[in-house]
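Student: I have a model open in my viewer and would like to learn how to read it. Could you walk me through a few features?

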Amino acid sequence: MRDSIDTPALPRPDQLVGLVDVRSMYVSCERIFDPSLRGRPVIVLSNNDGCAVARSDEAKALGIKTGDPWFQLKDRPDMRDVIAKSSNYELYADISQRMMEILETHAAWTSPYSIDEAFIVLPRQEASAVGREIQRDLAQYLGLPTTVGLGPTKTLAKIGSTGAKDHGPFRGVCNVDEWSEDQLDAVLDRLPIEEVWGVGRRLSQRLTSAGIATAGDLKRADPAWLRRFHALPLAQTGIELQGTPVIDFDEQPASSPQTMVFSRLMGQRARGADQVAAALTAAAHPLSRRLRAKAVKVGMITAGVATGHHDEVHHRAMRPFAFRSA
């Protein structure tokens, strides 16, 4: 492992922030176990095979969008070559954990951001080379295609990650710290404000109305005005676009979820209370594993069953179960 440090508040001047991102994580995981899927249009479906939640590049080229219902796609003649896979979140989480373990052998510090992304801290002078080592090892040991964005701040690393995905010459690793100030400003002036990390649709509309339409505009805005306009995080984003790290690195950057939904199809129509109870019990085991893995303390579980979406008569039953504190 490279120079290990305790969880930093901010990266040091001799360090860069990296964002490692798996390309089409769910599809990539499916391709690990079924190499015949490589080069073919593949989508992964949501719980109960409802809609597309992940798409290969080939599926994107066919015009499939995230959230497209599968029942609307599967019978279309232009979708005959599309392969749809049911989601397997336990598999994806396991591969994600293996990915994080590999990242820890390269980075001074690693923080998972989502199932397919992680922020890392790397030595500034070696960052690009280590980024390519990470790419190579994740491909060799796990079969995962990845991109690496690098920059002096989390926000600029995010912008580097977008560049690594969208521009072939970077070959999947984009280090914005290697750009001149003019080059960076040119990129920021072309980047719409709604594509800046942490700026949502509603906020981007307000900012555009106030004359801040691009990332470059946000960079040049007065941080004090940004804080008055919205809140501290917006001012922090503007400062980070200037190259000064101010968004802290927390050991657990994402707080535990307040709710967790775990749903499954029964596979065949249940007949009688015993079969329903067996299905609920079978679903409880993987749910328990997921809660333990996230170290979530549970106050209440609500169990529910419902008839199929296409049944003429619909029935639903739910019952909450509260846990007493020890």
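Tutor: Gladly! This is a predicted model, in which local features need pLDDT of at least 70 and side-chain atom pairs count only at pLDDT 80 or more, while totals for chains, interfaces and linings use all residues. Residues are numbered from 1 along each chain as its sequence is written, and side-chain values use heavy atoms, with hydrogens and water left out.

Student: At what angle do helix α4 and helix α5 pack, and how far apart are their axes?

Tutor: Helices (H or I, at least four residues) and strands (E, at least two) are DSSP runs, numbered from the N terminus. Axes are lines fitted to C-alpha atoms, for helices over the stretch in contact, and angles run from 0 to 180 degrees between N-to-C directions. Here α4 (residues 89–104) and α5 (residues 127–142) pack at about 140°, with axes 10 Å apart. α4 and α5 are therefore oblique to each other; angles under 35 degrees count as roughly parallel, over 145 as roughly antiparallel, 65 to 115 as roughly perpendicular and the rest as oblique.

Student: Which residues make the contact?

Tutor: Contact means heavy atoms within 4.5 Å. From α4 come Ile 95, Arg 98, Met 99, Ile 102 and Leu 103, and from α5 come Ile 134, Asp 137, Leu 138, Tyr 141 and Leu 142.

Student: Now the sheet. In what order do the strands lie?

Tutor: Strands of a sheet pair through backbone hydrogen bonds, either parallel or antiparallel. Two strands count as paired if DSSP finds at least two bridges between them. In this model, 5 strands form an open sheet ordered β5-β6-β1-β7-β8, with mixed pairing. β5 and β8 (173–175) stand at the edges with a single partner strand each, so one side of each is left without a neighbour in the sheet.

Student: How do β5 and β6 pair?

Tutor: β5 (residues 109–114) and β6 (residues 117–123) are antiparallel over 5 bridges, and they form a hairpin with 2 residues between them. Ser 114 stands opposite Glu 117 in β6. On to β1 (residues 15–22): 7 bridges join β1 to β6, again antiparallel, and Leu 16 has Leu 122 of β6 as its bridge partner.

Student: What about helix α6, which strands does it lie across?

Tutor: α6 (residues 154–166) lies across β1, β5, β6, β7 (146–151) and β8, and runs at about 140° to β7.
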